[in-house]
Amino acid sequence: MSTQTPGRVVVVGGGMVAHKFADELCRTSPDGDWTLTVIGDEPSAPYDRVHLSEYFDGRSPEALVMDQTPWSDPRVTLVIGDAVDRLDLDQRAVVTRSGRVEPYDNLVLATGSWAWTPRTEGTDLPGVFSYRTMADVVGLREWIALRSEKLGRPLSGAVVGGGVLGLEAAAALQKLGASATVVEFADRLMNVQLDAGGGEALRVLITDMGIDVRTATGATRLGPAGDGPVATMDLSDGSTIPADVVVFSTGIRPRDRLARESGLAIGDRGGVVVGPTCRTSDTAVWAIGECASFENEATGLVAPGNAMAEVVVDQLFGGRKTYERFPEGTKLKGVGIDAASFGDIFALTPGALEVSFSDPVAKTYKKLVVSDDAQTLLGGVFVGDIALYSSLRPLLDRPLGADPSAFLAPEGGGGLPSVDLPDDVVVCSCANVTAGTVRDAVTHQGCMNVGDVKACTKAGTVCGSCVPLLTKIVNTTLEKNGIAVSRAMCEHFEMGRAELFELVRHEGLRTFTEVIGAHGTGRGCAVCKPVVASILSSLGFGHVLEREHAAIQDTNDHVLANMQKDGTYSVVPRVPGGEITPERLMVLGEVAQEFGLHTRITGAQRIAMFGARIDQLPDIWKRLVDAGFESGQAYGKSLRAVKSCVGQAWCRFGVQDSVGMAVKIEMRYRGLRSPHKFKIGVSGCARECAEARGKDVGVIATEKGWNVYVGGNGGFTPRHADLLAEDLDDDGLIRVIDRFLAFYIRSADRLQRTAPWVAEYPGGIPELRKVLVDDVLGIGAELDASMAEHVESYEDEWRATLDDPEKLRRFVSFVNAPDQHDPDLAYTSERGQVRPARPGEKADNNPVIARHLEVRK
Amino acid sequence: MTAWIDVCALEDLVPERGAAALLEGTQIAVFRLLDDEVVAVQQKDPFSGANVLSRGLVGSAGDRTIVSSPMYKQVWDVRTGECLDAAGKTPQDLASYPARVADGRVEVQAVARVVEPVAEPGADDEVGR
């Protein structure tokens, strides 16, 4: 790389590609002497427009904002909410609407596209929306809430345009409680990405969702209601449909006004003309992303824009990277239906052959397009089942390596041919990572799993569609390198938890001695003993402190409390759904006061009391159990709490009784032992105040019932839960959760939370849905039965302990001096409560006294 | 001859589990192993400073019998007190105490034994002391 420097760089536009450019610039030149100003007209920092529809699944605008690291670089300035008004190419400066003048040495246009709307009469009526920006989706949600309140009924929605975004918009209307009709001028849905067979298969699936599909029809006029806003839509077939809310998704056009007005070359079909270096007709001006016209075509996807951003950064430092059009694939998302395609969809290549397989029972359609000798892959169309999309797309224009029909055969026909991708094939087109880079990360950078490779190469971190393929490459490479991916739990058990679970279940083993005798060696350890304890408990083999089970419990399970840093314990009774009576609240206060415990409200809507000595636990719990409390299992790898919002009972916006459902769920799964702790949330409306999508199981109320999401997590690796099933009634909801939890308990690894388990489940959510909702494996009844057994056999662990003198023996301070207790415990006072004292602090062994110590400043 | 101090009945202890005891003012952790052998180490976990080792899980590592700290999961040989896994920290051994079963009673001597350092051959003149 030469010593060329970019100088003062100005980017016009604040979208995803501008973000990519800023990020790339900072990474490429961490110490360079340049400045960057990014000017965006939207009122927020660049956000993830690709996943905009997730706003309707409860993802907040803030959560959609892209990584803010580039904006904290002192050389970078991000200007938002101000539009560039004109370019002064002679003076090399841009002037914004607010009067800001920004001189540049290099100008990068990244203005993106705008949503084109046909000049249909009535498009200016209130209630008519585009579907492109955060403002669009926020406005859409507000409109539907306000208008349906005013009209006193659910709204009729209509979407003009049956492309990927139009279908996303239609699904969004449904999520917001409106009905949806999709009006498409072409003869099929997704007419740019799907052939006739694929379009027909998609129509069936979309119609199944309750969305009305009208193809070969145009919207000719929108009519107003008596009070002004849109109410009807006239169609070209002469019919009129109700339309209280209308979304236009009829294509995008490059935003090239600034370039046009300043005299830069513009493409025939719009867009700023650029060559392979992404330079425009002015040598100091570059254009990237959807506003750029390369080979007379403007792109409509983020991946090419990201590639262009990389090219320009490289060029600015004197590099020679150039842009070339790369195969674009499209995947439908945010709708809950799978459809994807890539390459020569319509077999326009001379001599191209099409091999297709349509299954009207499974409602799938798959087509491969290959060269005339059937050797080279030219394209593919997949609807209903897109497993092949991510594995075959990288092979575009390369030898397929097997008979095309072998790929399309229904499952059970011997599995997919194995495909060994050449090193130069791009696996992740969002981050532009090749198979070779992935293999190198495993072989030379020490990556041991997909997570490592994601962190190291960024592959799979944008849209995630390549993760299945990534996983395959990583595992194959590990195996080739002779790294056996060991699943051994510890030196005593050679198998992983899931395998051991099945063995214990099938063979009916009931004690640790039996289990280690049959399948392990030695005497166990702190790793395998709690795992076996959890498995035996999950299978319903008695109280955790029963007989031999007691000896293998971790200290927390052993004394049914959670050990704190000084060796005392916390006490956390169950407060189902976060709902507690004043009387019970007072009991907690009295107990905490009497025993000198520190009280605080936990994140799970419960009250924790800290500082209980092991010998005090039975006395404390006796008081609690007598007052009607039961164990909250805050110490166990089990259900912790079900968090809820206040719901329909009090909230003006609630559409279902979230507290009632939370209580019902908590009472059902209380005490259920699992591979790791799990948490559940229930929100009474799409506002999602219970933060349910951050939980292992998230339940969100809809007008029609409940949506259930799975695999969410907070903590070290936050993850939003994915939609598993929609609009369930109460019983349907419980059945899906039953099966999800039972299946997780059966097949997850040791200490594997649901988030990675869901993420790593082969085939992901669509496959899980088939297993849990459609019951394709035929294990539904078995899973239902195992959960019914749990519900049946539940007993409160603390009540059972208090009733059994044998179990109470362990709660002794010293086996030879039960009347004394740990003299080393030392407490001091802070904010009116006790905490363990640090060395040198004024302290007392008795927390009741320590609470009133004066704090030395 | 150091006196054996009576702690409790063997039946007061659960196989493969520990209990805390006070030994002339010192807190110790007494463990009953599978074959009714009893062993004793200090109760204080040197890594956390809390008196909790009696509540750790007992198990095996190869042919050694081990106890894991319930706090941060360090591992010791429960017979000798030798630290086998310091979980990334500087290893710290435990004091161990002679223990036996006599007439169904668990007895311990109040003599803290420390782990014999394993000297490297040639490192100093006192090899084999």
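Is Cys651(A) buried, partly exposed or exposed? I looked this up first, and Cys651(A) counts as partly exposed because it has 16 C-beta neighbours inside 10 Å; I take buried to mean 20 or more other C-beta atoms within 10 Å of the residue's own, exposed 12 or fewer, and partly exposed in between, with C-beta atoms placed from the backbone.

Before going on, I note that this is a predicted model, in which local features need pLDDT of at least 70 and side-chain atom pairs count only at pLDDT 80 or more, while totals for chains, interfaces and linings use all residues. Residues are numbered from 1 along each chain as its sequence is written, and chains are lettered from A and ligands numbered from 1 in the order in which they are written.

**The annotated cysteines**

I found that the unreviewed UniProt entry carries a "binding site" annotation on Cys645(A), Cys651(A), Cys685(A) and Cys689(A); such annotations may be inferred rather than shown by experiment. They span 45 residues in sequence, yet no two of their C-alpha atoms are more than 10.9 Å apart, so they gather at one spot.

I placed Cys651(A) in the loop between β33 (639–644) and α19 (658–669) of chain A, where helices (H or I, at least four residues) and strands (E, at least two) are DSSP runs numbered from the N terminus. Not counting residues up to four places away in sequence, Cys651(A) touches Cys645(A), Val646(A) and Gly684(A), a contact being two C-beta atoms, placed from the backbone, within 7 Å.

Cys689(A) sits in the loop between β34 (678–683) and β35 (697–701) of chain A, and with 18 C-beta neighbours inside 10 Å Cys689(A) also counts as partly exposed. Neighbours within four places in sequence left aside, Cys689(A) is in contact with Cys645(A) and Ser683(A).

**Helix α13 of chain A**

In α13 (residues 497–507) I looked for the buried residues and found Arg497(A), Leu500(A), Phe501(A) and Val504(A). They cover an arc of only 105 degrees around the axis, which puts them on the same side of α13(A); the arc is that of the directions from the helix axis to the C-beta atoms. An α-helix has 3.6 residues a turn, so residues three or four places apart point the same way.

The face turned away from the buried side carries the exposed residues His506(A) and Glu507(A). Among the elements covering the buried residues of α13(A) are α14 (512–519), α15 (528–538) and α20 (730–747) of chain A. Just after the helix, Gly508(A) takes a positive phi of about 65 degrees.

I counted 0 helices and 11 strands in chain B, and of its 129 residues 42% count as buried. Among contacts in chain B between residues at least 6 apart in sequence, 40% join residues at least 24 apart.

Where the chains meet, 26 residues of chain B are in contact with 24 residues of chain A. On chain B's side, β1 (4–9), β2 (17–23), β5 (58–61) and β6 (64–68) each supply at least two residues, and β2(B) gives the most, with 5 residues.
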